[in-house]
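Subject: Structure handover

Hi,

Here is the structure for your files. Please open it alongside this note and follow the residue numbers as you read.

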Amino acid sequence: MIQPPKQDLLAGLRKWTLERDDESDPGGRIYRDNEGNVYHSVTRILSATAPEHQKQALAKWLERPTAIQERDQAATRGSQAHSHAEYVLKTGAKLARQTANKKGVWKTHSDGLERCPASITRWAIQKAVQGAPRVSWNASGYARGLRSFIEERVTAIHSIEFSIHHPAGFAGTCDFLGDIDGTLTVVDWKTSQNAKINEELGDSRISNYICQTGAYSLGLRYLTGIQAEAGAVVIARRSGAPEVRMLNKWELRGAEQEFLERLARYYEELEIPA
C-alpha cells in the first residue's frame, strides 16, 4: 500500500476526528475514535501527574474569593491572544501560498514538507499583521508578544491548530508547526501574568510545558511520519517580549520520553492499561 505524502497527512490533522466522551467524563477530557479506543487529553494527563506542591498551590489559590473570576478572565485573555496568533499565521500562510503559486517557487524538502522562500513567508506575515483585527485592551499585550515572535522568528508555516492522538492513549491540539529560524519546530503558545519562569530553580510550570511539546511531537510523528527537529514554548506576558524556551532536537526527544513516563504513571494511578 502506497503511503500518502507527508504534506497530505499533515493537512488531514486540521480536522478533529475523535468524539468527546461526556458520559465517562463530564469535564470533556476523554475522547474515543470510531473503533472505541479511548484517549485522555494531554493537559489532563499533565495536570494529574504534576508535582504535589504544584497541586497544593493550585488548590490554595482556588480557595481565594476572586479565583474563579480571575481564572475565567485569564482564559479569555489567553483565547484572544491565541486567536490573534492563529489569524496572523493562517492569513500569512494563505498570502504566501498565493504568491508562491504564482511564482512557482515551492520546493519539497527532505522531511517531505513543501516550502516557499522564507522571504515570501516573512512578507506574507507582515501583510497579515497589517490587516489583523484589533484585540481588546486587556489581551493586547499578550497578543503583541506572540505576534512579535511570529514576525521575528517564523520562516515557514506548515500547520496551525492541528490535532493529534496516539495509541498510547493520549490526544490533544498543537498550536503550530512551522520553521523557526529555518528549523522545523513544534510550537506551543502560552500566556501568563506570573513572574518569569526560573527553570534553574526547578519551576514545575516549564516542566509541564516542555512535556506538552513532547506529547505533540510524538503524536505528529505517529500520524504523519514527520519528525520535528525542535520545540518552542512561547509565553506571552502583559507587556514586553515573550519568554521563549527553545528545545533542540535532543531536548525534544527527552520531552517525549518524559511525557511517556508521566503517561504510564497516569494510567497506573487510574488502574487502566495504557
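**Around Phe259**

Start with Phe259. Neighbours within four places in sequence are left aside here. Beyond them, Phe259 is in contact (heavy atoms within 4.5 Å) with Val42, Ile45, Leu46, Phe170, Cys211, Ala215 and Leu218.

Before going on, two notes on the source. This is a predicted model, in which local features need pLDDT of at least 70, side-chain atom pairs count only at pLDDT 80 or more, and totals for chains, interfaces and linings use all residues. Residues are numbered from 1 along each chain as its sequence is written, and side-chain values use heavy atoms, with hydrogens and water left out.

**The cores**

Phe259 belongs to the largest nonpolar core, which has 33 residues. A nonpolar core here is a set of buried Ala, Val, Leu, Ile, Met, Phe, Trp, Tyr and Cys residues joined through side-chain atoms within 4.5 Å. Buried means under 20% relative accessible area, exposed over 50%, and partly exposed in between (1.4 Å probe, protein chains only). Phe170, Leu220 and Phe259 have the most contacts inside this core.

Which elements give two or more residues to this core? They are helices H2 (42-48), H7 (204-224) and H8 (249-270), plus strands S6 (154-166), S7 (170-180), S8 (183-191) and S9 (230-236). Helices (H or I, at least four residues) and strands (E, at least two) are DSSP runs, numbered from the N terminus. H7 gives the largest share, eight residues.

**The chain as a whole**

The protein chain has eight helices and 10 strands. It has 274 residues, and 45% of them count as buried. Take the contacts in the chain with a separation of 6 or more: residues 24 or more positions apart account for 66% of them.

**Strand pairs**

Strands S2 (residues 30-32) and S3 (residues 38-41) pair in the antiparallel sense over three bridges. Two strands pair if DSSP finds at least two bridges between them. Tyr31 has Tyr39 in S3 as its bridge partner. S2 and S3 form a hairpin, with five residues between them. Gly36 in the turn has a positive phi of about 90°.

S3 also pairs with S7, in the parallel sense, over two bridges. There, Ser41 has Ala171 in S7 as its bridge partner.

**A helix pair**

The axes of H5 (residues 118-130) and H6 (residues 137-153) come within 9 Å and cross at roughly 155°. Axes are lines fitted to C-alpha atoms, for helices over the stretch in contact, with angles from 0 to 180 degrees between N-to-C directions. H5 and H6 are therefore roughly antiparallel to each other (the term covers angles over 145 degrees). Ile125, Gln126 and Val129 in H5 meet Arg147, Ile150 and Glu151 in H6.

Arg144 is also in H6. Arg144 is partly exposed, with a relative accessible area of 43%. Arg144 and His84 are 60 residues apart in sequence and 8.8 Å apart in space, C-alpha to C-alpha.

**Two positive phi values**

Glu161 has a phi near 55°, a positive value in a residue other than glycine. Glu161 sits in strand S6 and is partly exposed, at 28% relative accessible area.

Asp181 also has a phi near 55°. Asp181 is in the loop between S7 and S8 and is partly exposed, at 45%.

Best wishes

Technical notes: Parallel < 35°, antiparallel > 145°, perpendicular 65-115°, else oblique.
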